[in-house]
Amino acid sequence: MSQDPPIPRDPAAAGQERWDTMASEDITGLSLPLWRRFCDQLHVWILREWTGGTRFASAFKTDLFDEVVGAGLVDWLLSVSDRVEGIDVAAGIVEQALQKHAELRARQADVRQLVEHPSGSFDLVVSNSTLDHFDDQRDLAVALAELSRILVPGGLLFLTLDNPRNPVVGLRNRLASRWTAPGPLIPYFMGHTVPLSALIPLVTAAGLQVERTGYLMHVPRVLFLHASRWFSPDSRPGQSLLHFMQGCEMLDHLPTRAWTGHFSVVLARKPTK
Ligand SMILES: C[S@@+](CC[C@H](N)C(=O)[O-])C[C@H]1O[C@@H](n2cnc3c(N)ncnc32)[C@H](O)[C@@H]1O
């Protein structure tokens with residue numbers, strides 16, 4: 001009896017399946033209120049600093065995980081943009097984000113293939129740690145080309161990726177490539193990432209001009225992620241812990257910043273020609 005040949009597995013579909021599974025499980029375990037408050041405040045702080053009070057017509061966010069496990073960045077995006085749209089490859093994440101944020105426009109989509117998004121649709125794209133979750137390292141360039149395409153000339157891309165020069169991130173990602181099952185230290189799939197020195201030429205190759213680079217989140221993450229379980233962000237000790245964690249950003253002024261920063265950060269502009 002003849003057998004059908006095996007259907008080649010579409011890596012994008014495999015990725016989607018993985019994130020759909022995460023979204024369908026109880027992700028409240030990933031929602032540590034104090035930790036999420038810290039992450040959101042840090043991102044809003046750097047976005048505010050780096051975009052310097054600019055007002056945007058339309059902003060785009062490349063995943064909606066932050067908006068599900070915490071307040072996310074949507075409120076800040078709405079405060080500086082007339083229209084905010086977000087995507088996530090996991091339909092369940094999109095659904096939960098929409099339940100929490102009625103003003104958000106959101107749909108399920110893959111950042112590597114934004115078929116529903118015409119070129120030149122947005123003047124701000126915020127991509128915080130989405131493009132470091134691909135199996136294939138070539139997909140980083142594919143996604144950057146898509147984000148460049150949907151920007152209007154003169155528009156800004158704010159991008160963060162896991163910084164592999166931070167020894168803890170490097171070790172975690174090496175372990176994650178061996179143990180694919182989620183666990184307490186590695187709660188979801190980690191993909192390929194690159195150091196800032198390799199990211200800059202990739203952003204440039206996507207047709208964008210890099211305006212600023214840096215590192216973000218210098219707090220020893222593993223320790224404080226776990227410490228943040230014990231306190232409410234509104235309690236007095238919780239507030240003190242938050243202040244201490246924010247204070248760790250002072251490490252950004254030291255020559256060791258490339259080793260202490262959890263994320264590499266790039267701000268790039270699409271040239272007006
Ligand atoms: C675990 S989160 C981390 C990112 C989050 N912004 C943060 O900083 O905590 C990764 C998110 O990216 C989404 N994601 C992964 N691959 C994607 C893709 N190709 N396109 C759009 N979203 C994707 C996942 O569904 C998930 O919501």
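Which polar backbone atom is 2.8 Å from a nitrogen atom of the ligand, in terms of the residue that carries it? The residue is Asn-128. The protein covers 97% of the 600 Å² of accessible area that the ligand has on its own (Shrake-Rupley method, 1.4 Å probe).

This is a predicted model, in which local features need pLDDT of at least 70 and side-chain atom pairs pLDDT 80 or more, while totals for chains, interfaces and linings use all residues. Residues are numbered from 1 along each chain as its sequence is written, and side-chain values use heavy atoms, without hydrogens and water.

The ligand has 19 residues around it (a heavy atom within 4 Å), and Asp-63, Asp-66, Asp-88, Asp-110 and Asn-128 come nearest.

| Residue | Part of residue | Distance to a ligand nitrogen |
|---|---|---|
| Asp-63 | side chain, N or O atom | 2.9 Å |
| Asp-66 | side chain, N or O atom | 2.8 Å |
| Asn-128 | backbone, polar atom | 2.8 Å |

The space taken by the ligand is the largest cavity (on a 1 Å grid over the protein atoms alone, points where a 1.4 Å probe fits but cannot get out; more than half of the ligand atoms lie within 2 Å of such points).

The chain holds 11 helices and 7 strands (DSSP runs of at least four residues, H or I, and at least two, E). Of its 273 residues, 49% are buried (under 20% relative accessible area, 1.4 Å probe). Among contacts (heavy atoms within 4.5 Å) with a separation of 6 or more, 80% join residues 24 or more positions apart. The accessible surface of the chain is about 13,600 Å², and carbon and sulfur atoms supply 58% of that surface.

Key. Buried means under 20% relative accessible area, exposed over 50%, partly exposed in between (1.4 Å probe, protein chains only). A polar contact is a pair of N or O atoms within 3.5 Å; within protein, one must be able to donate a hydrogen and the other to accept it, and residues adjacent in sequence count only if both atoms are side-chain atoms. On a 1 Å grid over the protein atoms alone, a cavity is a set of points where a 1.4 Å probe fits but cannot get out, and a pocket is an open set with protein on both sides within 12 Å along at least five of seven lines; lining residues have an atom within 4 Å of a point.
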